[in-house]
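Here is a short briefing on one protein chain. Look over the sequence and the fold before reading on.

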Amino acid sequence: MKIRIGDIYRIHLTTCEWAKQFVVGKVLDMSCGKLLSYTTSKLLLENNANEVWNLDFLDLQQQVALRKLHNNKMTYQLKDKNELNFSKFDTILALNNLSITDDIDETLKFIFDHLNPNGIAIISVINEDDSVDSSHDLITKDLNIFSKTELEQNLKLYFNNITFFSQGIIRQKYGIEKKFRTKLRMKIK
């Protein structure tokens, strides 16, 4: 798995803020690190989640965290990771997991197997489409980068109803304009 800890702060919390509008019921938050598990759980529990299970892919221990609200206070329990084998969730958050996993198919199968039939999976990726912010430092050669078409093909192997959202503005012409400006600068030099 390819993980850069600083990216969790820059991306994960912003995406959770957006995703909270769709979250309901029993939630599985699949993450790579525990850095924001408390904050994410609090945000989701305040917005239609009944309980939040935090599964940390980097944690070699055989436990997952379970958080609930009880009398407006968050409770915390450690559960055996094997309990996930028998659990289904109303919402699964997999924020940038596909971008860093070594096995995309295995990760999608895990999400599919643990999602209730009418559940919601919120899956985010770093994409390669011509977007205004595609040249930022988050895109490196060690990540799994997807175009919308590639992501859709992977998702259709498991899911029937797929809706795409974008955080930011995607402009198809941006890549052409950028190449033109780069060529022009080179000629001027």
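In what order do the elements of the protein run from the N terminus on? The order is α-β-α-β-β-β-β-α-α-β-α-α. The model is predicted. In total, the secondary structure comes to 6 helices and 6 strands.

**Overall figures**
- The protein has 189 residues, and 38% of them count as buried.
- Take the contacts with a separation of 6 or more: residues 24 or more positions apart account for 67% of them.

**The sheet**
- An open sheet of 6 strands has the order β4-β3-β2-β1-β5-β6. Its pairing is mixed.
- β4 (73-80) and β6 (115-124) stand at the edges. Each has a single partner strand, so one side of each is left without a neighbour in the sheet.
- On average, neighbouring strands are turned by 20 degrees against each other, direction ignored.
- Helix α2 (residues 37-45) lies across β1, β2, β3, β4 and β5. Against β2, helix α2 runs at about 160 degrees.

**Strand β1 and its partners**
- β1 is largely enclosed by the rest of the structure, because 6 of its 7 residues are buried.
- β1 and β2 run parallel, joined by 7 bridges. Lys26 has Glu51 in β2 as its bridge partner.
- β1 and β5 also run parallel. Here 4 bridges join the strands. Met30 stands opposite Ala94 in β5.

**Antiparallel pairs**
- β2 and β3 run antiparallel, with 4 bridges between them. Glu51 has Lys68 in β3 as its bridge partner.
- β3 and β4 pair over 8 bridges in the antiparallel sense. Arg67 stands opposite Tyr76 in β4.
- A hairpin is formed by β3 and β4, with 2 residues between them. In the turn, Asn71 has a positive phi of about 55 degrees.

**Ala65, a residue of β3**
- Ala65 is found in strand β3. Its relative accessibility is 10%, so Ala65 counts as buried.
- Beyond its neighbours within four places in sequence, Ala65 is in contact with Val52, Trp53, Asn54, Tyr76, Gln77 and Leu78.
- Gln77 lies 12 residues from Ala65 along the chain, and their C-alpha atoms are separated by 5.8 Å.

**Nonpolar cores**
- The largest nonpolar core has 20 residues. Leu28, Met30, Trp53, Leu84, Ile92 and Phe159 touch the most other members.
- At least two residues of this core come from each of β1 (25-31), β2 (49-56), β3 (63-70), β5 (89-95), α4 (104-114) and α5 (148-156).
- β5 gives the largest share, 3 residues.
- A second, separate core has 12 residues, including Cys16, Ala19, Val27 and Leu43.
- Which residues does Trp53 touch, not counting those up to four places away in sequence? They are Lys26, Val27, Leu28, Asp29, Val64, Ala65, Leu66, Lys79, Glu83, Leu84, Ser87 and Phe89.
- Among these contacts of Trp53 is Leu84, itself named in the largest core. Val27 is touched by Trp53 too, but Val27 is included in the second core.

**Helix α4**
- Which residues of α4 are buried? They are Thr107, Leu108, Ile111 and His114.
- Seen down the axis of α4, the buried residues fall within an arc of 140 degrees, so they line one face of the helix.
- An α-helix has 3.6 residues a turn, so residues three or four places apart point the same way.
- The buried residues of α4 pack against β1, β5, α3 (97-100), β6 and α5.

**Thr40, a residue of α2**
- Is Thr40 buried or exposed? The relative accessibility of Thr40 is 0%, so Thr40 counts as buried.
- The place of Thr40 is in helix α2.
- Leaving aside neighbours within four places in sequence, Thr40 is in contact with His12, Cys16 and Asp29.
- One of these contacts, Cys16, is included in the second core. Another, Asp29, is also touched by Trp53.

Key. Residues numbered from 1 in each chain as written. Predicted model: local features only at pLDDT ≥ 70, side-chain atom pairs only at ≥ 80, totals over all residues. Heavy atoms only, no water. Core = buried A, V, L, I, M, F, W, Y, C linked by side-chain atoms within 4.5 Å. Buried < 20%, exposed > 50% of the residue type's maximum accessible area, 1.4 Å probe, protein only. Contact = heavy atoms within 4.5 Å. Pairing = 2+ DSSP bridges. Axes fitted to C-alpha atoms, helices over the stretch in contact; angles between N-to-C directions. Arc of directions from axis to C-beta.
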